[in-house]
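Please review the structure shown below. The briefing after it is grouped by topic.

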Amino acid sequence: MRVALDTNVLAYAQGVNGEAMKKITLGLVGALPASGVVLPAQVIAELFQVLIRKGQLTSAQARAAILNWCNVFPVAETSLPVLLGAAELAVSHRFSFWDGMVLASASEAGCRLLLSEDLQPGFIWNSVTVANPFATPKHPLLQNLLSSQS
């Protein structure tokens with residue numbers, strides 16, 4: 001099963017929300033099948049800004065961080081179908097255009113799960129289910145994926 005990660009997951013893994021959350025997030029990301037994880041290009045762009053604004057990194061440090069993530073997981077490009085999907089999500093489901101780009105990108109990349117703390121848990125669009133990876137209990141799709149990896 002393919003999984004896309006939202007910006008907040010990567011930001012937490014970078015320590016933006018403290019060391020305890022960084023440890024939890026790195027454990028979660030490390031438990032995912034590396035070959036099945038995708039990073040929407042929008043997430044990489046947002047992460048750069050979050051690392052500078054909230055993480056107080058320099059531009060060079062933020063660039064190094066996003067390059068590291070791009071070396072670990074494939075990046076899903078922002079295509080015309082992704083842009084149109086984002087517009088559809090904005091019109092039909094009242095998503096912000098930028099959140100819609102993340103979800104549409106996950107769909108275009110063939111993901112079944114989008115791990116996000118910010119989007120509506122359980123929302124399904126084009127076979128992609130949004131799951132909060134920090135919720136208890138974990139969404140069944142995420143729980144099954146993590147169980148199959150152990």
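The points below go from the overall fold to individual residues.

The model is predicted: local features need pLDDT of at least 70, side-chain atom pairs count only at pLDDT 80 or more, and totals for chains, interfaces and linings use all residues. Residues are numbered from 1 along each chain as its sequence is written, and side-chain values use heavy atoms, with hydrogens and water left out.

**Overall fold**

- The protein contains seven helices and six strands; helices (H or I, at least four residues) and strands (E, at least two) are DSSP runs, numbered from the N terminus.
- Along the sequence these elements follow the pattern β-α-α-β-α-α-β-α-α-β-β-β-α.
- The protein is as compact as a globular protein of 150 residues, because its radius of gyration of 14 Å is close to the 15 Å given by the globule rule. The radius is taken over C-alpha atoms, and the rule is 2.2 Å times the number of residues to the power 0.38.
- The C-alpha trace spans about 35 × 35 × 25 Å along its principal axes.

**Contacts, surface and charge**

- Of the contacts with a separation of 6 or more, 62% are between residues 24 or more positions apart; contact means heavy atoms within 4.5 Å.
- Buried residues make up 45% of the 150 residues. Buried means under 20% relative accessible area, exposed over 50%, and partly exposed in between (1.4 Å probe, protein chains only).
- The protein exposes about 7500 Å², of which carbon and sulfur atoms supply 54%. Accessible areas come from the Shrake-Rupley method with a 1.4 Å probe; for residues, only the protein chains shown count as cover.
- The mean positions of the 9 positive and 9 negative charges are 7 Å apart. Lys and Arg count as positive and Asp and Glu as negative, while His and the chain ends are not counted; each charge is placed at NZ of Lys, CZ of Arg, CG of Asp or CD of Glu.

**The sheet**

- Six strands form an open sheet with mixed pairing, in the order β3-β2-β1-β4-β6-β5; two strands pair if DSSP finds at least two bridges between them.
- β3 (75–76) and β5 stand at the edges with a single partner strand each, so one side of each is left without a neighbour in the sheet.
- Strands β1 (residues 3–5) and β2 (residues 37–40) run parallel and are joined by two bridges. Valine 3 has valine 37 as its bridge partner in β2.

**Helix residues**

- Asparagine 8 lies in helix α1 (residues 7–13) and counts as buried, at 7% relative accessibility.
- Leaving aside neighbours within four places in sequence, asparagine 8 is in contact with Leu115, Ser116, Glu117 and Asp118.
- Alanine 90 belongs to helix α5 (residues 80–93) and is partly exposed, with a relative accessible area of 28%.
- From C-alpha to C-alpha, alanine 90 and methionine 101 are 9.5 Å apart in space, and they are 11 residues apart in sequence.

**Backbone features in loops**

- Arginine 94, in the loop between α5 and α6 (97–108), has a positive phi of about 60° although it is not a glycine. Arginine 94 is exposed, at 79% relative accessible area.
- Serine 127 is in the loop between β5 (124–125) and β6. Although not a glycine, serine 127 has a positive phi of about 70°, and it counts as exposed at 51% relative accessibility.
- Threonine 136 and proline 137 are joined by a cis peptide bond with omega of about -5°; proline 137 lies in the loop between β6 (128–131) and α7 (140–149).
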